[in-house]
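Please examine the model shown here.

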Amino acid sequence: MYKEEIIMNSDEVKIIKKLYTEGTRICLDEDMDDPQGVPAGTCGTVTGVDDIGSIAMAWDIGSSLNLLPDIDHFHIIT
């Protein structure tokens with residue numbers, strides 16, 4: 001079963017774009033709820049944020065599945 005998508009307002013999207021700039025490293029804390037999802041513990045690099053607040057990723061395993069900030073569980077690698 002898929003988690004329903006959450007719509008962000010423009011102010012929330014602006015915050016996401018400031019927090020997750022291109023080149024930010026991310027680690028996924030839980031498996032993504034998607035048939036082609038990325039497994040927990042996978043790291044990747046932010047390639048951008050679109051206008052709905054979805055975080056575009058280049059995962060180290062070769063996937064490019066986007067993160068949804070209000071649905072997926074992840075943290076920034078410092």
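The sulfur of Cys-27 lies 3.8 Å from the closest cysteine sulfur, that of Cys-43, and the two are therefore too far apart for a bond. The criterion for a disulfide is a pair of cysteine sulfur atoms within 2.5 Å. Cys-43 is accordingly in no disulfide, the nearest cysteine sulfur being that of Cys-27. In this predicted model, the number of disulfides is 0. Cys-27 has a relative accessible area of 12% and is buried, because buried means under 20%.

The sheet can be considered next. Its 4 strands are arranged in the order S3-S2-S1-S4, the sheet is open, and the pairing is antiparallel. From one strand to the next, the twist averages 40 degrees. In general, the strands of a sheet pair through backbone hydrogen bonds, in either a parallel or an antiparallel manner.

The individual pairings give further detail. Strand S2 spans residues 43-49 and pairs with S3 in the antiparallel sense over 5 bridges. Within this pairing, Val-46 is found opposite Met-57 of S3. S2 and S3 also form a hairpin, with 5 residues between the two strands. Gly-53, located in the turn, has a positive phi of about 90 degrees. On the S1 side, S1 and S2 run antiparallel and are joined by 3 bridges. Here Arg-25 stands opposite Thr-45 in S2.

Which residues have the most contacts inside the largest nonpolar core? This core has 15 residues, and those with the most contacts inside it are Tyr-20, Ile-26, Ile-55, Trp-59 and Leu-67. At least two core residues are supplied by each of helix H1 (10-19), strand S1 (25-28), S2 and S3. S3 gives the most, with 3 residues.

Leaving aside residues up to four places away in sequence, Trp-59 touches Ile-26, Leu-28, Met-32, Val-38 and Thr-42, together with Cys-43, Gly-44, Ser-64, Leu-65 and Leu-67. Among these contacts, Ile-26 and Leu-67 also belong to the core residues with the most contacts inside it. Cys-43, another residue touched by Trp-59, is the one whose sulfur is closest to that of Cys-27.

Key. Residues numbered from 1 in each chain as written. Predicted model: local features only at pLDDT ≥ 70, side-chain atom pairs only at ≥ 80, totals over all residues. Heavy atoms only, no water. Pairing = 2+ DSSP bridges. Axes fitted to C-alpha atoms, helices over the stretch in contact; angles between N-to-C directions. Core = buried A, V, L, I, M, F, W, Y, C linked by side-chain atoms within 4.5 Å. Buried < 20%, exposed > 50% of the residue type's maximum accessible area, 1.4 Å probe, protein only. Contact = heavy atoms within 4.5 Å.
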